[in-house]
Amino acid sequence: DAIRLTHDLHVKVLLLPFFGRWAIKNDAERQHVGDALRELAPEAERAGVILGIEDTISAEDNVRIIEMSHSSNVLVYYDVGNSTEAGFDVVKEIRWLGKDRICQFHLKDNPHFLGEGTIQFAPMIQAIRDMGWSGWANLETDARPDHLDADMQRNLKYIRGVIDEVYA
């Protein structure tokens with residue numbers, strides 16, 4: 001149903017979350033996900049929907065799943081926060097995955113505002129630029145309930161500044 005609904009809403013990417021309680025933890029689970037996506041991929045292809053896998057595993061393990069799916073409609077929905085928290089080198093992974101295996105990005109530095117945590121956004125944005133990737137990058141940022149507009153503006157100002165600096 002999610003593939004059909006995604007298509008009917010004229011949305012291109014369906015995020016498939018594999019983190020927290022549903023995190024992929026071992027080879028057997030990676031194989032199971034690859035098998036399931038191989039079954040679902042033809043329907044996604046017919047609907048013109050990309051199945052974007054967001055998780056806490058390495059870029060290499062994500063590519064193994066993509067390869068098991070046998071579909072160009074299964075791609076990585078790369079979450080820089082998840083990957084950083086899992087101990088991966090975000091810039092290295094983004095460059096290794098390349099533009100053809102990433103469907104979208106989640107930009108976050110939680111529990112901080114963008115640029116106030118451990119993630120170095122300038123090198124990451126540079127890697128995205130260098131590989132010629134284009135598409136959506138969604139902010140998944142912290143905001144205080146009583147300051148939503150101001151906090152969103154703060155996060156937007158920061159990331160727009162980084163993008164302007166990298167693309168200058």
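Here is a quick tour of this chain, from its overall build down to a few individual residues. What you're looking at is a predicted model. The chain has seven helices and five strands, and reading along the sequence gives the pattern α-β-α-β-α-β-α-α-β-α-β-α.

**Overall build**

- For a chain of 168 residues, a compact globule would have a radius of gyration near 15 Å; this chain comes in at 16 Å, so the two agree.
- If you follow the C-alpha trace along its principal axes, the chain spans about 45 × 35 × 35 Å.
- Of the 168 residues, 44% count as buried.
- Take the contacts in the chain with a separation of 6 or more: residues 24 or more positions apart account for 73% of them.

- Strand 1 (residues 13-18) runs parallel to strand 2, and six bridges join the two.
- If you want a spot to look at in that pairing, Leu14 stands opposite Leu51 in strand 2.
- Strand 3 (residues 74-79) also pairs with strand 2; these two run parallel and are joined by three bridges.
- Here the spot to look at is Gly52, which stands opposite Leu75 in strand 3.
- Getting from strand 1 to strand 2 takes you through helix 2 (residues 27-47), and the three elements make a right-handed β-α-β unit.

**Aromatic rings**

- The model has three aromatic pairs, counting rings whose centres lie within 6.5 Å.
- One of them is Phe105 with Trp133: the ring centres are 4.7 Å apart and the planes sit at 85°, so this pair is edge-to-face.
- That pair links distant parts of the chain, with Phe105 in strand 4 (residues 102-107) and Trp133, 28 residues away, in the loop between helix 6 (121-130) and strand 5 (137-139).
- Phe105 is buried, at a relative accessible area of 0%, and Trp133 counts as buried too, at 10%.
- Another pair is Phe121 with Tyr158, where the centres are 5.9 Å apart and the planes are at 80°, so this one is edge-to-face as well.
- Phe121 lies in helix 6 and Tyr158 in helix 7 (residues 148-167), so the pair ties together parts that are 37 residues apart in sequence.
- Phe121 is buried, with a relative accessible area of 1%, whereas Tyr158 counts as partly exposed at 28%.
- Ring pairs also bring Tyr78 together with Phe105 and Trp133 in a cluster.

**Charges over rings**

- Arg101 has its charged end over the ring of Trp96, 4.7 Å from the ring centre.
- Arg129 does likewise with Tyr167: its charged end sits over the ring, 5.3 Å from the centre.

**Around Glu60**

- Glu60 is found in helix 3 and counts as partly exposed, at 33% relative accessibility.
- Setting aside neighbours within four places in sequence, Glu60 is in contact with Glu93 and Trp96.
- Glu60 and Trp96 are 36 residues apart along the chain, while their C-alpha atoms are separated by 8.6 Å.

**Backbone details in the loops**

- Asn110 and Pro111 are joined by a cis peptide bond, with omega at about 10°.
- You'll find Pro111 in the loop between strand 4 and helix 6.
- His10 isn't a glycine, yet it has a positive phi of about 60°.
- This histidine, His10, lies in the loop between helix 1 (2-8) and strand 1, and it is exposed, with a relative accessible area of 75%.
- His70 has a positive phi as well, about 55°, although it is not a glycine.
- Look for His70 in the loop between helix 3 and strand 3, where it counts as exposed at 62% relative accessibility.

Terms used. Residues numbered from 1 in each chain as written. Predicted model: local features only at pLDDT ≥ 70, side-chain atom pairs only at ≥ 80, totals over all residues. Heavy atoms only, no water. Phe/Tyr/Trp six-rings, centres within 6.5 Å; stacked < 30°, edge-to-face > 60°. Helix = DSSP H or I, 4+ residues; strand = E, 2+ residues; numbered from the N terminus. Buried < 20%, exposed > 50% of the residue type's maximum accessible area, 1.4 Å probe, protein only. Lys NZ or Arg CZ within 6 Å of the ring centre and 35° of its normal. Pairing = 2+ DSSP bridges. Right-handed = clockwise from strand over helix to strand, strands pointing away. Rg over C-alpha atoms; globule rule 2.2 N^0.38 Å. Contact = heavy atoms within 4.5 Å.
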